Amino acid sequence: PPDNRNPRPLNGRGAAPYHAGMSPLPDLASPYALPAGTAEAYARDGHCLLRGVASTEEIAAFRPVITGVVDEFRKGLKPLADRDTYGKAFVQIGNLWQKSQDAAKFTTARRFAGIAAALMGVARVRLYHDQALFKEAGGGITPWHQDQYYWPLDTPNTITMWMPLVDLEPEMGVMKFASKSHAGGLLENLAISDKSEAAYDKFVADKGFPVAGGQPMAAGDATFHTGWTLHRAPPNASNRERQVMTIIWFADGAKISNLDTDGQKNDVDYIFPGGQPGDPAVSKITPLVWPEFRP
């Protein structure tokens, strides 16, 4: 979940806006053709890796926009050594699309939302939120967890895109997934923590779920995973920051869930103000983004 939800804009355009005379930001509207069998593999395993979702040139344009927002909102963080396990995992800035008009062009991109729709097999997709997850050099593990622990959504049709803004080697903390672990839905009422790492590490081993991922990724490659897929990331053992942007979507038509977890109880008032279980999962900050963006 976002840990910095201040929607204050940065001069109305973001921390690193394009200036007059510079080329406009790419529109990220052209479609991406899924390789044959990808949607089926995603449904089976709960995750997939797609190469070249954004081009080198597109990432070069958007990276300063995203890093500019992160740099503004990361001010005041404690030194790495003084943080807990969650704090050491990454610098986490949420809802960049509300903080910067330029960042919003990335988050609401038609290409990305189209991939999400195709993988989930749905006709209409809403944005849940975005997050920048920057794992600093020397940053710790991202413990095993399920994202949908935090999301008050009564649907299995939820999905996260995890896209590096820099080339990644495995020692930088590339995401790993427990294949097929999404099939059981909610496993335990566990927030991301040392406890979730221990409990789910044992669960994955006991169930014999294959662990996939952790491979080198180029900037603009992306993984996609369901809200219930168990995943983690190793520490960043390199001397470079792992800069990753994520976007989370869900199928239009979902309802607010029964709030079975502490995380869902914490999120519902922010995402769906005044919403109750069974109400439509719709709010001003969950706009339709596929087949078209409707703010």
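The paragraphs below walk through the strands, a helix residue and a pocket of this predicted model.

Residues are numbered from 1 along each chain as its sequence is written. Because the model is predicted, local features need pLDDT of at least 70 and side-chain atom pairs count only at pLDDT 80 or more, while totals for chains, interfaces and linings use all residues; side-chain values use heavy atoms, with hydrogens and water left out.

The protein chain holds eight helices and 11 strands, where helices (H or I, at least four residues) and strands (E, at least two) are DSSP runs numbered from the N terminus. Of its 295 residues, 55% are buried, that is, under 20% relative accessible area, with exposed meaning over 50% and partly exposed in between (1.4 Å probe, protein chains only). Among contacts with a separation of 6 or more, 86% come from residues 24 or more positions apart; contact here means heavy atoms within 4.5 Å.

Since 11 of the 11 residues of S3 are buried, the strand is largely enclosed by the rest of the structure. S3 pairs with strand S10 (residues 242-251) in the antiparallel sense over 10 bridges, pairing being called if DSSP finds at least two bridges between two strands. Within this pair, Arg126 has Phe250 of S10 as its bridge partner. S3 is also joined to strand S11 (residues 288-290) by two bridges, again antiparallel, and here Val125 stands opposite Trp290. Val91 has Phe134 of S3 as its bridge partner, and Ile93 stands opposite Ala132. In a regular strand the side chains alternate between the two faces of the sheet. In strand S2 (residues 91-94), Val91 and Ile93 point one way and Gln92 and Gly94 the other, and all are buried.

Another group of strands forms an open sheet of four, in the order S4-S9-S6-S7 and with antiparallel pairing. Its edge strands, S4 (142-145) and S7 (211-213), each pair on one side only. Neighbouring strands of this sheet are turned by 20° against each other on average, direction ignored. Helix H7 (residues 194-207) packs on the sheet, touching S4, S6, S7 and S9, and its direction makes about 55° with that of S4; axes are lines fitted to C-alpha atoms, for helices over the stretch in contact, and angles run from 0 to 180 degrees between N-to-C directions. Within the sheet, S6 (residues 176-178) and S9 (residues 231-233) pair over two bridges, with Lys176 partnered by Arg232 of S9.

Turning to the helices, Phe62 lies in helix H2 (residues 56-73) and is buried, with a relative accessible area of 1%. Leaving aside neighbours within four places in sequence, Phe62 is in contact with Leu25, Pro26, Leu28, Asp102, Lys105 and Phe106. Phe62 and Phe106 are 44 residues apart in sequence and 7.3 Å apart in space, C-alpha to C-alpha.

Finally, there is a pocket to look at. The lining of the second largest pocket includes Tyr42, Met120, His182 and Trp228. Helix H1 (38-45) and helix H6 (110-120) are the elements that give two or more residues to this lining.

Conventions
1 Å grid on protein atoms, 1.4 Å probe; cavity = no way out; pocket = protein on both sides within 12 Å on 5 of 7 lines; lining within 4 Å.
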